[in-house]
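New page in my notebook. I want to look up a few things in this one and jot them down as I go.

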Amino acid sequence: MICPSCRKENNEENLFCANCGNKLKGDTETQTSIITVTSEIVNSQNQIFTKIKQAFNKKYIWGAIIAISLIVIGIFSFKQYNTTLQEN
Ligand SMILES: [Zn+2]
């Protein structure tokens, strides 16, 4: 494997770099793999969040349209009810 510190090729069994003595296996490898997995999870979560947001925005817009139309219908029918009362 290649040393992450000095980029020198080392044997796969080597725990430490033959050139600079940097630790080849263990913490750094686990940390990088954890970071990769975490970033992948974060990316997938972000994708899910954007999809949810997009769906929510669409539903919110439709909900707002329905609410506004209900209010308009309510005002309209109330006015008509008032005019019919005044006519009678
Ligand atoms: Zn090295």
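Before anything else, a term: helices (H or I, at least four residues) and strands (E, at least two) are DSSP runs, numbered from the N terminus. I number residues from 1 along each chain, as its sequence is written. I'm working with a predicted model, where local features need pLDDT of at least 70, side-chain atom pairs count only at pLDDT 80 or more, and totals for chains, interfaces and linings use all residues.

**Entry 1: overall shape.** I counted one helix and zero strands in the chain. The radius of gyration is 32 Å, well over the 12 Å that the globule rule gives for 88 residues, so the chain is more spread out than a compact globule. (That radius is taken over C-alpha atoms, and the rule is 2.2 Å times the number of residues to the power 0.38.) Along its principal axes, the C-alpha trace spans about 100 × 15 × 15 Å.

**Entry 2: burial.** I call a residue buried if 20 or more other C-beta atoms lie within 10 Å of its own, exposed if 12 or fewer, and partly exposed in between, with C-beta atoms placed from the backbone. Of the 88 residues, 2% count as buried.

**Entry 3: the UniProt record.** Its positions use the numbering here, feature names are shortened, and annotations may be inferred rather than shown by experiment. The unreviewed entry lists "domain: Zinc-ribbon" for residues 3-24. I found 0% helix and 0% strand there, with the end C-alpha atoms 6 Å apart.

**Entry 4: arginine 7.** Where does arginine 7 lie relative to helix H1 (27-87)? I found arginine 7 in the segment before H1. Its phi is near 65°, a positive value in a residue other than glycine. Most residues other than glycine have a negative phi. Arginine 7 is exposed, with 10 other C-beta atoms within 10 Å.

**Entry 5: proline 4.** Proline 4 also sits in the segment before H1. I noted it as partly exposed, with 13 C-beta neighbours inside 10 Å. Proline 4 and asparagine 22 are 18 residues apart in sequence, yet 8.1 Å apart in space, C-alpha to C-alpha.

**Entry 6: phenylalanine 16.** Which residues does phenylalanine 16 touch, not counting those up to four places away in sequence? I got Gly21, Asn22, Lys23 and Leu24, where contact means C-beta atoms, placed from the backbone, within 7 Å. The C-alpha atoms of phenylalanine 16 and phenylalanine 76 are separated by 81 Å.

Notes. Two residues are in contact if their C-beta atoms, placed from the backbone, lie within 7 Å.
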